[in-house]
Amino acid sequence: MTHVVLTGFMGVGKTAVGRRLARRLGRPFIDTDQLIEEAAGKPISKIFDEDGEDYFRDLERRIIAELEPDTPAVISTGGGTFANATNRKRLEELGVTVCLMTKLETILERVQRNDRRPLAQGPEGRKRLERLLKERMPSYRKADVLIETDSLSIDQSMQRVLNMIEPRLKQGELGEQAGQTGQAGQADHAGDDEE
Ligand code: S3P
């Protein structure tokens, strides 16, 4: 099943773009931060405050490991999720990974507007985000598709994502149909014969 997985730094618009993309594709939208909050029974800011970041990361890993939507979905992840190799592997298995990218200045302006993101808070917020963005860039670059969204509206970003992933989604559907009709099985046997 080819899910669409959105990744990228906090404040790049994963949730907003993801929701619209899900609507456009007629798929359910899953936000892994929301799953974490539901599992913990409190908002992320409280998890960080009361239990610490390590606890949050453990919970995040568990949620990603257990993620197995039963219909093709659009999945939006937290900004730090893709930086962990185990999470990344699982998300890559789930489908096509898309990283949204935005300039640090735009990110700062967006994330410091409210107190929902603990890592952006406090006098060290800016420095911390700068460092994290730099550290995480090599991981983000491993996504199947990278999209710069600085000059794009949410709808334009969604359209750009759609244009980039449509061929992969079609390929995925064809693969599944082939699997259902047994063609994939036949291909396996053909491979065996050659050995
Ligand atoms: C985090 C990003 C947040 C959330 C948590 C940690 C990060 O998600 O998972 O605050 O480490 O970058 P968003 O990217 O949706 O803000």
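The buried residues of α2 pack against β2 (29-31), α3 (44-51), α4 (53-66) and β3 (74-76). Buried means that 20 or more other C-beta atoms, placed from the backbone, lie within 10 Å of the residue's own. Helices (H or I, at least four residues) and strands (E, at least two) are DSSP runs, numbered from the N terminus. This is a predicted model: local features need pLDDT of at least 70, side-chain atom pairs count only at pLDDT 80 or more, and totals for chains, interfaces and linings use all residues. Residues are numbered from 1 along each chain as its sequence is written.

**Helix α2**
- Thr32, Asp33 and Ile36 are the buried residues of α2, which spans residues 32-40.
- They sit on the same side of α2, because they cover an arc of only 110° around the axis. The arc is that of the directions from the helix axis to the C-beta atoms.
- Gly41 follows α2 and has a positive phi, near 75°.

**Strand β4**
- Six of the seven residues in β4 are buried.
- β1 (residues 3-7) pairs with β4 in the parallel sense, over five bridges. Strands pair if DSSP finds at least two bridges between them.
- Val4 has Val96 as its bridge partner in β4.
- β5 (residues 145-148) runs parallel to β4, joined by four bridges.

**Contacts of Val161**
- Beyond its neighbours within four places in sequence, Val161 is in contact with Val17, Leu21, Val98 and Ile147. Contact means C-beta atoms, placed from the backbone, within 7 Å.

Technical notes:
A residue is buried if 20 or more other C-beta atoms lie within 10 Å of its own, exposed if 12 or fewer, and partly exposed in between; C-beta atoms are placed from the backbone. Two residues are in contact if their C-beta atoms, placed from the backbone, lie within 7 Å.
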